[in-house]
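Hi everyone, thanks for having me.

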Amino acid sequence: MYRTVGGILVVLTLAAPTGGGEVTAAETMTPLERLASTPKGQLKSPYQDFASVAEEGHRKYMAAGCNGCHGGGGGGGMAAPLTNPIWIYGDDDDTLFRLIALGTGKLSPGDAFGKLGYRRKGSEAVVGPMPPFGDIIKTDDDLWKIIAWIRSVYCGRRVEDRC
């Protein structure tokens, strides 16, 4: 009896909403699960104070291998710099999450990103399309932290103050 009550309390504690935009274990999904459960345009980062998780996001960015194309500091390489004042597909949360999880062009499975209606807003001399990271980045929270780090370097170099 006591074990059952204790188990129920643990489940209720994990499922309870938390303050401050933190993501609980019960809310965490893989990036692809989050995409499947959220209509286009409705993904919003839980980290509006992106600087608070930027350092952790940078570690996850490096661990996922993003630096191989975008550089360790986001300044570019064979892929577009993340520090550019204008991003190729836009800079809203929903677009960034889907871009990273689904990839672009021929590397996006079934051209999932393009079929959602995303089109280039700018141009860049890039070697190839963005590969999908939805299976590489383990949780949606990890992806939001990577986006938080990207925003921290991107916003630090923006001409306009939209961050």
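Let's begin at Asp111, which counts as partly exposed because its relative accessibility is 32%. Buried means under 20% relative accessible area and exposed means over 50%, with partly exposed in between, using a 1.4 Å probe and protein chains only. Asp111 sits in the loop between α5 and α6 (112–115). Asp111 is not a glycine, and yet it has a positive phi of about 50 degrees.

A quick word on where this comes from. This is a predicted model, in which local features need pLDDT of at least 70 and side-chain atom pairs count only at pLDDT 80 or more, while totals for chains, interfaces and linings use all residues. Residues are numbered from 1 along each chain as its sequence is written, and side-chain values use heavy atoms, with hydrogens and water left out.

Now step back to the whole chain. How many helices and strands are there in the protein chain? There are seven helices and zero strands. Helices here are DSSP runs of H or I with at least four residues, strands are runs of E with at least two, and both are numbered from the N terminus. Of the 163 residues in the protein chain, 40% are buried. Take the contacts, meaning heavy atoms within 4.5 Å, between residues at least 6 apart in sequence: 70% of these join residues at least 24 apart.

Next, please find helix α5, residues 93–102. Is α5 mostly covered or mostly open? Mostly covered: ten of its ten residues are buried. Among them are Asp93, Asp94 and Arg98, as well as Phe97 and Leu99. The cover over these buried residues includes α2 (31–37), α6 and α7.

On to the aromatic rings. Rings of Phe, Tyr and Trp (for Trp, its six-membered ring) pair if their centres lie within 6.5 Å; planes under 30 degrees apart count as stacked, over 60 as edge-to-face and the rest as tilted. That rule gives five aromatic pairs. Why does the pair of Trp87 and Tyr154 count as stacked? The ring centres of Trp87 and Tyr154 are 3.5 Å apart and the planes are at 25 degrees, so the pair is stacked. This pair links distant parts of the chain, since Trp87 is in the loop between α4 and α5 and Tyr154 is in helix α7, 67 residues apart. Both Trp87 and Tyr154 are buried.

Phe97 and Trp144 have ring centres 4.7 Å apart and planes at 40 degrees, so that pair is tilted. Here helix α5, with Phe97, is linked to helix α7, with Trp144, across 47 residues. Both Phe97 and Trp144 are buried. Ring pairs also join Tyr89, Phe113 and Tyr118 into a cluster.

Last stop: the largest pocket. Its lining has 31 residues, and His70, Ala79, Ala80, Leu99 and Met130 lie nearest its centre. Which helix gives the most to this lining? That is α5, with three residues. Helices α4 (67–70), α5 and α7 (140–155) each supply at least two. By class, the lining has 23 nonpolar, seven polar and one charged residues. Nonpolar covers Ala, Val, Leu, Ile, Met, Phe, Trp, Tyr, Cys and Pro; charged covers Asp, Glu, Lys and Arg; the others, Gly among them, are polar. A pocket, on a 1 Å grid over the protein atoms alone with a 1.4 Å probe, is an open set of points with protein on both sides within 12 Å along at least five of seven lines, and lining residues have an atom within 4 Å of a point.
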